[in-house]
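Keep the sequence and the model side by side while reading. The text moves from confidence to strands, then to a helix and the cores.

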Amino acid sequence: HYAPENAQGHSLIVLIHGTGAAHAGWYTKKGHPHFEGFLKFGQTHAETTDSVVDCISFGWSGNNTIEDRLVAAENLARFITAVSIRYGSITLIGHSHGSNVALAASQSIENPVDLILLATPMRKGNEEIDPREAAFSPGPRVASVYNIYSPVDLLQQLGSIRSGVRPADLIAMAHSIVASGSSRKMAHSTE
């Protein structure tokens with residue numbers, strides 16, 4: 001919670017962890033460098049927008065399934081809807097599949113939200129897509145999207161493979177990517 005003197009507005013910033021990070025300290029523990037960076041982001045936002053800023057972490061199972069991400073998105077959307085009357089601006093920061101949780105939640109959030117997506121798993125154009133994954137796109141009330149990624153992030157690329165893939169197949173794909181000397185080209189959008 002940051003409250004500059006003479007603050008005019010009230011903002012909410014929500015951090016959403018990715019797959020396998022439900023019990024990781026980086027998104028909840030004071031003193032951890034990544035969490036301190038999140039808090040510094042909130043403080044800077046408060047100072048530059050002259051608003052009170054609440055920074056919270058949103059936890060979910062972190063399981064690598066579409067179902068778990070969609071359940072998390074429903075819970076996040078319900079939470080945002082319940083508290084949104086207090087806030088003039090809402091920003092969701094998702095890491096990895098936490099970004100997909102934020103994207104799916106944005107489908108049913110009535111208030112405008114900003115999205116910051118960090119290393120979101122992306123699909124190649126020729127991969128078979130589960131129809132439920134249509135939810136992992138910005139909702140109608142999304143004001144802005146910042147998609148931050150690295151084209152050579154192997155985990156980001158491997159995370160784009162549908163759940164249920166055998167570990168041996170993931171290892172083979174990683175070796176193939178590394179052996180090719182470059183990562184596959186992926187389409188990314190900021191709108």
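What follows is a walk through the model, one element at a time.

This is a predicted model, in which local features need pLDDT of at least 70, side-chain atom pairs count only at pLDDT 80 or more, and totals for chains, interfaces and linings use all residues. Residues are numbered from 1 along each chain as its sequence is written, and side-chain values use heavy atoms, with hydrogens and water left out.

Start with confidence. pLDDT is the predictor's confidence in each residue, from 0 to 100. The protein chain has a mean pLDDT of 80, and 75% of its residues reach 70 or more. Helices (H or I, at least four residues) and strands (E, at least two) are DSSP runs, numbered from the N terminus. Among these elements, helix 2 has the highest mean pLDDT, 96. The lowest, 53, belongs to helix 5 (residues 167-180). Over residues 181-191, pLDDT stays under 50. The model has 23 contacts beyond four places in sequence for that stretch, a contact being heavy atoms within 4.5 Å.

Now turn to strand 1. Six of its eight residues are buried, so strand 1 is largely enclosed by the rest of the structure. Buried means under 20% relative accessible area, exposed over 50%, and partly exposed in between (1.4 Å probe, protein chains only). Two strands pair if DSSP finds at least two bridges between them. Strand 1 pairs with strand 2 (residues 51-58) in the parallel sense, over eight bridges. Strand 1 also runs parallel to strand 3, joined by six bridges. Ser11 stands opposite Val53 in strand 2, and its bridge partner in strand 3 is Ser89.

Helix 3 (residues 97-106) comes next. Of its 10 residues, 10 are buried, so helix 3 is largely enclosed by the rest of the structure. Its buried residues pack against strand 1 (9-16), helix 2 (66-83), strand 3 (89-95), strand 4 (113-118) and strand 5 (142-148).

Last, the cores. A nonpolar core is a set of buried Ala, Val, Leu, Ile, Met, Phe, Trp, Tyr and Cys residues joined through side-chain atoms within 4.5 Å. The largest has 27 residues. Val14, Ile16, Leu76, Ile80, Leu92 and Leu115 have the most contacts inside it. Strand 1, helix 2, strand 3, helix 3, strand 4 and strand 5 each give two or more residues to this core. Helix 2 gives the most, with seven residues. A second, separate core of 13 residues includes Leu15, Ala21, Trp26 and Cys55.
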